[in-house]
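Have the viewer open as you go.

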Amino acid sequence: MNDHPVDWQTIARHISQANGSHFQMDTLYNIVGGTTNTAYRLEGGNQNYFVKINCHPHFEFFAAEAAGLAELGQPAVIKVPLPLCWGTTEQHAYLVMEYITLKTDITTSASILLGQQLAVMHQVSKVPFGWYRNNYLGLTLQKNNLEENWVEFWRHQRLGYQLQLASRNGYSSLQTIGERLLADLHGFFGHYQPHSSLLHGDLWSGNYAQDMQGQPVIFDPAVYYGDRETDLAMTELFGGFPRSFYEAYQERWPLDPGYSIRKNLYKLYHVLNHLNLFGGNYLKQAEKMIASLLSEL
Ligand code: ADP
């Protein structure tokens with residue numbers, strides 16, 4: 001994000017247009033907790049909005065995020081902040097959405113609800129694997145070209161794509177073992193035939209909370225349609241979700257026993273993405289994960 005002052009007047013005008021009623025900003029509050037953007041609560045009259053700001057190239061990220069929030073909100077299963085408008089001012093890109101007062105220390109009943117609702121959301125299936133548009137995982141492009149074959153999708157648009165980025169970033173130790181893994185990917189699937197589920201796509205513990213009524217809320221997605229096991233695997237990667245969440249999910253829609261191994265294939269995608277974004281220890285972690293996956297074949 002650059003140091004220029006944010007042009008709040010333009011953003012307020014856009015909010016007024018999108019709502020069809022005049023919005024006058026009174027107060028601005030900083031919101032902490034994000035990993036990529038600067039976030040604010042914008043208050044005016046009795047209205048509140050959650051606004052993300054970044055520099056111009058982020059316009060595409062925000063357009064993709066708005067499309068993802070709208071897609072997740074459409075079946076009305078899990079509460080999602082609805083996007084209102086997005087655009088650019090002279091110096092910045094912005095995304096405005098519904099403001100929801102959030103509590104991050106989620107109660108057991110909200111965690112059970114989240115497990116149940118995620119299982120129901122995963123039953124939403126509209127297209128083959130992929131989506132109608134690309135989006136971003138953090139700052140990395142996530143390709144979503146529609147594909148009927150899940151193994152091909154995971155091979156080319158997920159693991160293969162991240163391995164290519166890793167090669168460009170100089171992580172050569174991953175290439176030979178990575179290629180072996182890609183070549184043998186079908187070995188992890190046996191008779192398992194993934195359903196094409198509506199996915200959050202980046203469901204780590206920093207991307208869910210609960211509202212003041214005790215309803216779970218998910219946000220900051222990287223939506224596409226794919227194997228539901230990928231969302232579950234991501235929940236386990238950084239910190240994990242409460243046990244009650246997993247029990248509630250499994251009760252609604254039990255997981256295939258092969259999940260216990262495939263989840264590492266799915267976690268690997270996120271670990272490679274972290275390696276490509278942040279470097280460091282993720283290299284050792286990715287090497288270990290690939291070696292361990294190869295030993296399962
Ligand atoms: P970033 O894109 O920078 O990672 P996030 O989307 O994760 O930002 O949002 C940053 C923080 O703001 C979250 O951790 C959450 O606590 C809070 N938050 C996210 N969306 C909303 C919202 N619609 N209303 C209120 N708070 C929100």
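## Ground rules

This is a predicted model, so to speak of local features we need pLDDT of at least 70, and side-chain atom pairs count only at pLDDT 80 or more, while totals for chains, interfaces and linings use all residues. Residues are numbered from 1 along each chain as its sequence is written, and side-chain values use heavy atoms, with hydrogens and water left out.

## Salt bridges

Side chains of opposite charge can pair when their charged atoms come close. Here a salt bridge is a side-chain nitrogen of Lys or Arg within 4 Å of a carboxyl oxygen of Asp or Glu. How many salt bridges does this rule give? The count comes to 12. Take Lys79 and Asp211, whose closest N and O atoms are 3.0 Å apart. Lys79 sits in the loop between helix H2 (58-73) and strand S4 (83-88), and Asp211 in strand S10 (residues 208-211), so this pair ties together parts that are 132 residues apart in sequence. Helices (H or I, at least four residues) and strands (E, at least two) are DSSP runs, numbered from the N terminus. On burial, the cut-offs are under 20% relative accessible area for buried, over 50% for exposed, and in between for partly exposed (1.4 Å probe, protein chains only). Asp211 is buried at 3%, whereas Lys79 is partly exposed at 28%.

Lys263 and Glu236 also meet in a salt bridge, 2.9 Å from N to O. Lys263 belongs to helix H8 (residues 259-278) and Glu236 to helix H6 (residues 228-237), so the pair ties together parts that are 27 residues apart in sequence. Lys263 counts as buried at 18% relative accessibility, and Glu236 is partly exposed at 24%. Then there's Arg155 with Glu152, where the closest N and O atoms are 2.3 Å apart. Those two are 3 residues apart in helix H4 (residues 150-168), separated by about one helical turn. Arg155 is buried at 15% relative accessible area, while Glu152 is partly exposed at 26%. Finally, Lys52, Glu65 and Asp220 are linked in a network of salt bridges.

Two packed helices are described by the angle between their axes and the distance between the axes. Axes are lines fitted to C-alpha atoms, for helices over the stretch in contact, and angles run from 0 to 180 degrees between N-to-C directions. Under 35 degrees counts as roughly parallel, over 145 as roughly antiparallel, 65 to 115 as roughly perpendicular, and the rest as oblique. H4 and H8 pack at about 25° with their axes 9 Å apart, and are therefore roughly parallel to each other. On the H4 side, the residues that meet H8 include Trp150, Trp154, Arg158 and Leu159; H8 brings, among others, Leu265, Tyr266, Leu268 and Tyr269. Contact means heavy atoms within 4.5 Å. By class, the H4 contact with H8 has 11 nonpolar, 3 polar and 1 charged residues. For these classes, Ala, Val, Leu, Ile, Met, Phe, Trp, Tyr, Cys and Pro are nonpolar, Asp, Glu, Lys and Arg are charged, and the others, Gly among them, are polar.

The contact is made by residues including Arg155, Leu159 and Gly160 of H4 and Gln175, Gly178 and Leu181 of H5. The class breakdown for H4 with H5 is 6 nonpolar, 4 polar and 1 charged residues.

## Buried spots worth a click

Is Phe23 buried or exposed? Phe23 is buried, with a relative accessible area of 3%, and its place is in the loop between helix H1 (8-19) and strand S1 (27-31). Leaving out residues up to four places away in sequence, Phe23 touches Ala12, Ile15, Ser16, Leu42, Glu43, Gly44, Gln47 and Tyr49.

Ser244, found in helix H7 (residues 243-252), is buried at 14% relative accessible area. H6 is mostly covered, with 9 of its 10 residues buried, and Gly239, which follows H6, has a positive phi near 95°.
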